[in-house]
Amino acid sequence: MQITPEEITKVAHLARLDLNPAEVAHMTDQVGAILTYIDKLNELDTTGVTPTTHALAINNAFRDDVVIPSLPQSEAIKNGPKQNGEAFIVPKVIS
Amino acid sequence: MELALYDQTIHQLQELLQSKQLSSVELTNQVLNRIDQVEPQIGAFITECRDLALSQAAAADQMLAKGEGGPLCGIPLSIKDVLCTKGVRTTCGSKILEPFVPPYDATVITRLKEQGAVMVGKVSMDEFAMGSANENCAYGTPKNPWNTNHICGGSSGGSAASVASGECIASLGSDTGGSVRQPASHCGVVGMKPTYGRVSRFGLLAFASSLDQIGPLTKDVRDCAMMLNAIGGYDPKDSTSVKESMPDFTATLSSGLSGMRIGIPKEYFSEGLDQEVRAAVENGISLLRQAGAEIIEVSLPHTEYGIAAYYIIAPAEASSNLARYDGVKYGFRNQDASTLLEMYKTSRSQGFGPEVKRRIILGTYALSSGYYDAYYKKASQVRTKIVEDYQRAFTACDALVSPVTPTPAWRLGDKADDPLAAYLSDAMTICTNLAGLPAMSLPCGFSTAGLPIGFQIQGPHFQEGTLLKIAFALEQALGISQRRPPIST
């Protein structure tokens with residue numbers, strides 16, 4: 001086994017997902033099988049190989065710091081599932 | 001036999017529109033009628049936008065009357081539901097975005113609108129573009145127009161199925177590990193994944209930001225070039241888009257293959273390859289040789305590690321990108337949650353489907369403390385080896401040709417419970433994205449069961465013109481680009 005049900009539960013919490021016991025069991029099997037396959041990467045010696053995180057050699061894309069029109073506040077928040085026209089409303093954070 | 005209007009290509013219809021033999025409103029009505037006819041069998045659309053399409057068509061007719069608009073003016077298109085469309089619901093195939101109506105257009109949509117193109121609707125996709133069969137969509141699974149018991153491919157399945165079945169003239173999809181090329185191959189249409197950075201990703205809902213690229217699905221190679229002309233080019237709103245010149249890709253289509261060297265990567269023709277796929281692709285290769293290309297064998301020795309590297313890198317990037325779906329700013333929220341944490345967890349758990357959850361878990365695990373070096377760093381180093389394979393190959397040849405998928409489209413449900421089996425079907429498309437290269441798929445034949453077989457061409461960065469030239473030569477030699485699926489209505 002590549003990953004335990006406890007680890008799945010811990011990672012799910014980090015990812016802000018709730019999994020029921022059946023989902024944890026299923027996920028443990030499936031993610032375990034995928035990780036077993038991924039172990040194939042260890043067949044390769046990659047000592048000293050520079051990792052690639054981006055396919056093209058682009059460096060920072062700078063632009064002049066000028067103000068350009070952006071979405072008005074009312075447009076920007078209108079998709080909020082709960083909002084009051086000025087701000088998003090969420091359950092109380094500090095009790 | 002003359003093709004029905006909805007089955008014709010952009011370039012055929014453009015001539016009729018610009019010579020005023022046809023109006024965009026007439027054409028759009030024909031396409032909308034076709035949607036009524038075949039949509040019950042195909043199921044390509046998530047959201048149809050008939051009123052918008054007809055008003056865009058009327059506006060296009062006015063542009064055409066004044067001699068304005070671009071080459072796509074008046075042409076009805078479908079758009080993968082991964083692209084933000086101002087005022088038109090954009091779900092990404094997910095329940096978590098069911099109510100989301102973007103307040104802005106993706107840059108590619110802005111560019112299509114500037115040309116006067118018409119949008120008939122938003123089409124189906126695997127949720128957040130994660131899948132190879134389009135069976136992971138919260139709004140149903142489109143069927144393969146050539147045989148509705150088979151998958152249409154994914155994740156841009158709705159795009160491919162709608163183009164093949166005449167529910168639009170062309171479409172836009174997105175390709176993170178083969179998601180344009182693979183459904184194009186399964187549905188017998190042309191699909192292109194441009195070079196990373198060629199097309200702006202502004203307004204594309206992110207899956208894996210270092211791999212995602214928007215690309216066209218069309219009925220032939222000339223249409224593909226026309227779509228790329230329309231959507232390509234630098235955009236200051238996407239800091240990864242590249243200031244590379246944009247040639248007219250239609251101008252060089254017929255310039256021939258003499259002097260061109262085409263490589264056959266031997267790793268793509270291994271034992272597991274379906275015999276009919278092998279035969280169709282080998283036939284395509286011999287036609288390219290007859291057309292004047294020199295064919296050489298090359299090796300991409302790290303190809304077999306592509307899937308393993310991808311299934312760390314893509315889920316890792318996705319786990320970060322999809323953190324934004326928290327029930328606060330847009331999309332679905334569980335309104336019953338009493339604490340913030342409960343709201344995050346229950347909204348995400350109820351909003352995401354199983355494949356998306358699986359990849360978020362996998363990606364979060366790969367990036368979590370103690371595992372980063374073993375997984376993410378290792379995969380990124382293997383990515384370097386894959387990039388180097390291509391660099392070596394392209395010193396010897398101008399492009400690489402191969403199958404797109406190891407088999408024709410499989411039956412619906414066949415790999416639905418085995419994610420790893422579905423992942424392995426992407427073996428021939430995934431390395432392209434890891435290296436950021438352009439690639440395309442075009443039909444090169446049919447299996448005895450009547451399912452399309454695709455032919456893949458990959459090239460060096462920004463050499464889409466070379467790919468299109470090879471594809472055009474092959475399309476001319478094959479003479480099958482007018483074939484359309486036999487959909488019973």
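View 1. At 0% relative accessibility, B:C224 counts as buried (buried means under 20% relative accessible area, exposed over 50% and partly exposed in between, with a 1.4 Å probe and protein chains only). The closest cysteine sulfur to that of B:C224 belongs to B:C168 and lies 14 Å away, too far for a bond. The sulfur of B:C431 is likewise too far for a bond, with its closest cysteine sulfur, in B:C397, at 15 Å, and B:C431 is buried at 2% relative accessibility. A search of the whole structure finds zero disulfides over all chains, a disulfide being a pair of cysteine sulfur atoms within 2.5 Å.

The model is predicted, so that local features need pLDDT of at least 70 and side-chain atom pairs count only at pLDDT 80 or more, whereas totals for chains, interfaces and linings use all residues. Residues are numbered from 1 along each chain as its sequence is written, chains are lettered from A and ligands numbered from 1 in the order in which they are written, and side-chain values use heavy atoms, with hydrogens and water left out.

**View 2. The salt bridge between B:E464 and B:R198.** The side chains of B:E464 and B:R198 meet in a salt bridge at 3.0 Å, N to O (a side-chain nitrogen of Lys or Arg within 4 Å of a carboxyl oxygen of Asp or Glu). Because B:E464 lies in helix α15 (residues 464–478) and B:R198 in the loop between β7 (190–193) and β8 (213–218) of chain B, the pair ties together parts that are 266 residues apart in sequence; helices (H or I, at least four residues) and strands (E, at least two) are DSSP runs, numbered from the N terminus. B:E464 is buried at 0% relative accessibility, and B:R198 is buried at 2%.

**View 3. A salt-bridge network in chain B.** Salt bridges that share partners join B:D36, B:E48 and B:R50 into one network. Within the pair B:R50 and B:E48, the closest N and O atoms are 3.0 Å apart. B:R50 counts as partly exposed at 25% relative accessibility, and B:E48 counts as partly exposed at 35%. Over all chains, the structure holds 14 salt bridges.

**View 4. The salt bridge between B:D175 and B:R181.** The side chains of B:D175 and B:R181 meet in a salt bridge at 2.9 Å, N to O. B:D175 is buried, with a relative accessible area of 0%, and B:R181 is also buried, with a relative accessible area of 0%.
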